[in-house]
Amino acid sequence: MRLTGARVVVAGLGVTGRAVVAALAGRAATVTTVDGRAGDADVTGADATDPRVVAGLVADADLVVASPGWAPSTPLLTAARQAEVPVWSEVELAWRLRTGAPWLAVTGTNGKTTTVQMLASILTAAGLRTATVGNVGTPVLTAAQDPDLDVLAVELSSFQLHHTTSMTAEAAAVLNVADDHLDWHGSAQAYAADKGRIYHGAQVACVYNVADPRTEQLVRDAEVADGARAVGFTLGPPGPGQLGLVEDVLVDRAFHAPTDAPDRHRTAAELATLDDLAHLGGPQGPPPHVVANALAAAALARAHGVDARAVREGLRSFSADAHRAAVVRTLDGVTYVDDSKATNAHAAAASLAACAPGTGVWIAGGLAKGASFDDLVAGRADRLRAAVVIGTDPTPFVDALARHAPEVPVTVIDPGDTGTVMRRAVAAARQAARAGDTVLLAPAGASMDQFASYAARGEEFASAVRDLT
């Protein structure tokens with residue numbers, strides 16, 4: 001549809017919504033903003049969900065642009081679908097208004113931000129002008145119209161992909177798929193399908209996780225450009241067309257030689273070593289999920305034509321954001337690790353996998369969001385020496401530990417004094433730990449029951465650890 005002269009309703013006036021309003025200025029005939037909490041929205045408060053108001057907005061609209069926080073079930077988006085008014089994401093609008101820089105896109109239940117930041121570090125090492133955008137913070141729309149950028153490293157959530165239909169990335173990756181945000185999507189199948197939208201029309205490569213068959217199936221289901229390849233990444237030796245790990249070396253068997261080279265299937269290119277990632281792990285070295293993220297980032301960069309030297313330099317210079325498997329300190333032989341960003345079971349399982357058997361003192365808990373932790377505990381019980389459970393409702397975690405790790409001692413922190421909960425948790429974890437152990441904050445739950453955010457939870461953990469004497 002033509003944006004010139006269109007009547008557009010913008011649902012949500014957060015960071016992305018304001019970027020949409022700015023981009024539509026001078027293009028659309030009218031822009032009406034709707035947000036239940038933003039005082040400067042055109043429609044706010046109870047009117048944002050009033051059926052009569054919503055019906056009037058949709059009747060006068062040619063297009064609705066929805067912020068990612070707006071679930072498909074909200075009254076405005078439901079009314080738009082019923083009236084057959086197109087609903088776009090900010091990402092869809094960005095794609096249609098882009099200036100030409102190709103997109104390298106990443107999604108997955110966990111690891112998106114780390115991977116897209118690794119990718120940007122590699123692209124920068126190759127001398128390319130790039131930006132990390134999307135779910136990582138900066139709206140895609142802002143960068144997509146910047147003529148000075150060579151390539152975009154784009155992190156996309158399932159929320160953003162739900163209303164994105166025409167994007168065709170140069171290369172795209174789905175890192176993993178685990179049940180999450182089912183209240184937003186309605187089912188695990190719908191959630192996975194929205195993740196798979198990232199592969200639509202991919203030009204060069206669809207990158208998938210060999211250890212997660214669901215990601216490969218999403219590639220098989222996708223309609224891609226002629227010549228686009230499926231490229232797997234694995235923590236084992238890679239097969240032809242894959243990137244993987246041979247002993248301690250990250251190697252490429254997908255982009256290492258011209259497709260018509262006679263010895264292509266018998267050779268590989270060395271990209272980096274585990275030593276190049278050593279700064280991203282504790283005493284056991286880089287965790288497996290960090291290595292997997294590095295391989296996915298390398299695959300996307302190689303799809304763009306980046307050489308092996310830049311991959312190594314980019315990974316060496318990369319530093320992870322706070323609260324993502326960050327080593328706070330080592331005291332009395334015990335390493336304290338802040339992975340507060342592990343807000344679901346899948347992420348916590350990956351974090352616990354980095355602990356040697358029987359050496360993990362796990363600080364867990366928070367809002368369960370209806371999730372089960374049985375598979376998590378059953379799969380990682382061998383890593384645990386002890387567990388410390390926080391949160392206003394510890395029951396889902398305590399019950400899972402009782403069922404699947406009855407031999408592991410569990411300390412439940414009384415939630416009564418929220419202001420001291422993390423200090424009490426750290427003290428209990430220290431008491432349970434022995435030299436050579438890891439005290440790991442990987443909560444597997446959301447933070448909002450006791451903390452302002454996962455970052456605030458991580459900061460309180462780090463502060464409590466630094467105060468230990």
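User: Which residue of β7 is the bridge partner of tryptophan 103?

Analyst: In this predicted model, tryptophan 103 has leucine 152 of β7 as its bridge partner.

User: What makes β5 and β7 a strand pair?

Analyst: Pairing requires at least two bridges between two strands. Strand β5 (residues 103-107) is joined to β7 by 4 bridges, so the two are counted as paired. They run parallel.

User: How do you know that β6 also pairs with β7?

Analyst: There are 5 bridges between β6 (residues 130-134) and β7, and the criterion is at least two, so these strands pair. They run parallel, and glycine 134 has glutamate 155 in β7 as its bridge partner.

User: Why is β7 called mostly covered?

Analyst: A residue counts as buried under 20% relative accessible area. In β7 (residues 151-155), 5 of 5 residues are buried, so the strand is described as mostly covered. Val151, Ala153 and Glu155 point one way, while Leu152 and Val154 point the other way. In a regular strand, side chains alternate between the two faces of the sheet.

User: What makes β2 and β4 edge strands?

Analyst: The open sheet in question has 4 strands in the order β2-β1-β3-β4, with parallel pairing. Both β2 (30-34) and β4 (87-89) have a single partner strand, so one side of each is left without a neighbour in the sheet. On average, neighbouring strands of this sheet are turned by 25° against each other, direction ignored.

User: How do you know that β3 is paired with β4?

Analyst: The count is 3 bridges between β3 (residues 63-66) and β4, against a requirement of at least two, so they pair.

User: Why is alanine 325 called buried?

Analyst: Its relative accessibility is 15%, and the limit is under 20%, so alanine 325 counts as buried. This alanine 325 lies in the loop between α12 (308-317) and β14 (326-331).

User: How do you know whether alanine 444 is buried or exposed?

Analyst: Alanine 444 has a relative accessible area of 3%, which is under 20%, so it is buried. Alanine 444 belongs to strand β19 (residues 438-444).

Definitions and conventions:
Residues numbered from 1 in each chain as written. Predicted model: local features only at pLDDT ≥ 70, side-chain atom pairs only at ≥ 80, totals over all residues. Heavy atoms only, no water. Buried < 20%, exposed > 50% of the residue type's maximum accessible area, 1.4 Å probe, protein only. Axes fitted to C-alpha atoms, helices over the stretch in contact; angles between N-to-C directions.
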